[in-house]
Amino acid sequence: MINYFQVLGIPKKLSIDTTGLEKIYHDLSKKNHPDFFLNQGEDKYLDALETSSQINQGYKTLKDPLARINYILALDAPQLLAEKDNSVAPDLLMKVMEIQETIESYHDAEEKEKEAIVNELAEIKEDLNEDVNNILNDINEMFKKYDEAVEKNEDTIETLMKMKTLLHKRNYINTLIHTIDAEVFGGEKIKH
Amino acid sequence: MAYSDKVVDHYSNPRNVGSFDKNDPSVGTGLVGAPECGDVMKLQIKVNEQGIVEDAKFKTYGCGSAIASSSLATEWLKGKTLDEAYNIKNTEIVAELNLPPVKIHCSVLAEDAIKMAIEDYKKKKDVPAEKEAVTA
């Protein structure tokens, strides 16, 4: 089976020029539009349908950095994706639990206590945003490391594992930020 | 997403929500998370001297299925021996709650939390005994 990088004709790298990718996507979509193959027999038409769907899926997956990482993980190290993840440190889970409890306490609090909790959560949120920024920077570093390793034909598994851990950390923190926003600052609720 | 009646029941009326003191030697604590969605689940058991789970409590911050899975788990745990408790399978939770495939990971989370709580309890029990052996 050919992968999405091959479908879109770009090198398998984590750092991608997304503007360039968009142009490639539009060009390929035009060229392979199933309507052009309506009169060329059923086989060709069905092939074009399949190709178009691959192009769409490929573009959707590769334009988003997180989906791109997961896709590369699935290609390079499917065993890593299947593996149970214990890489997130217990102290992070504990921290998540504590912050969730603080958010919950806001609901049960009396009016006069609420202000203090809101202030506390605003501070927590600021710290969390900083954490997310740091994680995104680290992920960017990993992007470079991965691409360099691929160029030099070096092993990438360690980089991929680190990336997966970073992504998971980011998921926990993002959920917290969204929950604080939804429960305390009137943001939109997350849908599960 | 349409939840089954049983999920809705546990979600809107969760059983055994709360915490025990995690430093109590008769308490085992399991803390697990779902890294894909950021849900967290804490499940605790209180074990009596006969090795029976006397009481169980949970706190889950996550979707309805995760809450229902852990709520159901605490109900099932009460009165079980540690071995019986260790054998609770996520597939039983899936069947009981009618969880759709995309929510199976919630039941896995509950099973992991049970196992971690039991291991935590056993570890606590063992550590003082070992210490005695060393000083004796």
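A salt bridge joins the side chains of B:K59 and A:E101, with nitrogen and oxygen 3.2 Å apart. This pair belongs to a predicted model. One salt bridge is counted between chain A and chain B. Polar contacts were also counted across this boundary. Seven residue pairs are in polar contact between chain A and chain B, both residues of each pair being at pLDDT 80 or more. On the chain A side, two helices each provide at least two of the touching residues: helix 6 (90–108) and helix 8 (157–183). Helix 6 of chain A contributes the most, with eight residues. By class, the side of chain A that touches chain B holds six nonpolar residues, five polar residues and four charged residues.

The extent of the interface was then computed. In chain A, 15 residues are in contact with chain B, and 19 residues of chain B are in contact with chain A. About 1,500 Å² is buried between chain A and chain B. Carbon and sulfur atoms account for 64% of this area.

Chain A itself is built from helices. It has eight helices and zero strands. Read from the N terminus, the elements of chain A follow the order α-α-α-α-α-α-α-α. The overall dimensions of chain A were examined next. The radius of gyration of chain A is 22 Å, whereas a compact globule of 192 residues would have a value near 16 Å. The C-alpha trace of chain A spans about 75 × 40 × 30 Å along its principal axes.

Chain A is divided into two parts: domain 1 covers residues 4–63 and domain 2 covers residues 90–183. The C-alpha centres of domain 1 and domain 2 of chain A lie 35 Å apart. Contact between these domains of chain A involves four residues of domain 1 and six residues of domain 2. The area buried between domain 1 and domain 2 of chain A is about 500 Å². Here carbon and sulfur atoms give 58%. Three residues supply 84% of the area that domain 1 of chain A buries against domain 2 of chain A: A:K12, A:K13 and A:L14.

One salt bridge is found across the interface of domain 1 and domain 2 of chain A. Two residue pairs are in polar contact between domain 1 and domain 2 of chain A, both residues being at pLDDT 80 or more. On the side of domain 1 of chain A that touches domain 2 of chain A, one residue is nonpolar, one is polar and two are charged.

Salt bridges were also counted for the whole model. The total over all chains is 15 salt bridges. One of them links the side chains of A:K125 and A:D181, at 2.8 Å from N to O. A:K125 lies in helix 7 (residues 111–151) of chain A and A:D181 lies in helix 8 of chain A, so this pair ties together parts that are 56 residues apart in sequence.

Technical notes. Residues numbered from 1 in each chain as written. Chains lettered and ligands numbered in written order. Predicted model: local features only at pLDDT ≥ 70, side-chain atom pairs only at ≥ 80, totals over all residues. Heavy atoms only, no water. Domains from an automatic or database assignment. Contact = heavy atoms within 4.5 Å. Buried area = accessible area lost by both parts, 1.4 Å probe. Salt bridge = Lys/Arg side-chain N within 4 Å of Asp/Glu carboxyl O. Polar contact = N/O pair within 3.5 Å; in protein donor to acceptor, adjacent residues only side chain to side chain. Nonpolar A, V, L, I, M, F, W, Y, C, P; charged D, E, K, R; others polar. Helix = DSSP H or I, 4+ residues; strand = E, 2+ residues; numbered from the N terminus. Rg over C-alpha atoms; globule rule 2.2 N^0.38 Å.
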